[in-house]
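Please read them with the structure open.

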Amino acid sequence: MGDAKRRKEELGSKYGDPDQELLFPRLKDIPITKGQARQFYQWSTQGAWAGIILLMVYWVVIRFVGPAFGWWHLTPLE
């Protein structure tokens, strides 16, 4: 029996699953799968967008909302 057939029988439905494949197969000390890398990419992208949106909200509050309610006054640059 060939090695590929034996592996297919042992792994069953997980045979050839790209999410279980190691991202760096030669570096056994870093056991990160492609699925984990994809999840981290999605998480970090969502976090970056959240940071951008929070920065925009902060800027609107500082520039428009605070002076409109009289919480502080903006001084012109000289």
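Which side chains meet in a salt bridge at 3.5 Å, N to O?

1. The pair is Glu-21 and Lys-34, where a salt bridge is a side-chain nitrogen of Lys or Arg within 4 Å of a carboxyl oxygen of Asp or Glu. Glu-21 is partly exposed at 41% relative accessibility, and Lys-34 is partly exposed at 31%; buried means under 20% relative accessible area, exposed over 50% and partly exposed in between, with a 1.4 Å probe and protein chains only.

2. Please keep the basis of these values in mind: this is a predicted model, in which local features need pLDDT of at least 70 and side-chain atom pairs count only at pLDDT 80 or more, while totals for chains, interfaces and linings use all residues. Residues are numbered from 1 along each chain as its sequence is written, and side-chain values use heavy atoms, with hydrogens and water left out.

3. The structure holds 2 salt bridges, and the other pairing joins Asp-3 to Arg-6, with the closest N and O atoms 2.9 Å apart. Asp-3 is partly exposed at 43% relative accessibility, as is Arg-6 at 38%.

4. As for the overall fold, the chain has 2 helices and 0 strands, these being DSSP runs numbered from the N terminus (helices H or I, at least four residues; strands E, at least two). The chain is more spread out than a compact globule, because its radius of gyration is 26 Å, well over the 12 Å that the globule rule gives for 78 residues; the radius is taken over C-alpha atoms, and the rule is 2.2 Å times the number of residues to the power 0.38. Along the principal axes, the C-alpha atoms fill a box of roughly 80 × 25 × 15 Å.

5. Buried residues make up 4% of the 78 residues, and among contacts (heavy atoms within 4.5 Å) with a separation of 6 or more, residues 24 or more positions apart account for 0%.

6. On charge, the mean positions of the 10 positive and 8 negative charges are 5 Å apart, with Lys and Arg counted as positive, Asp and Glu as negative, and His and the chain ends not counted. Each charge is placed at NZ of Lys, CZ of Arg, CG of Asp or CD of Glu.
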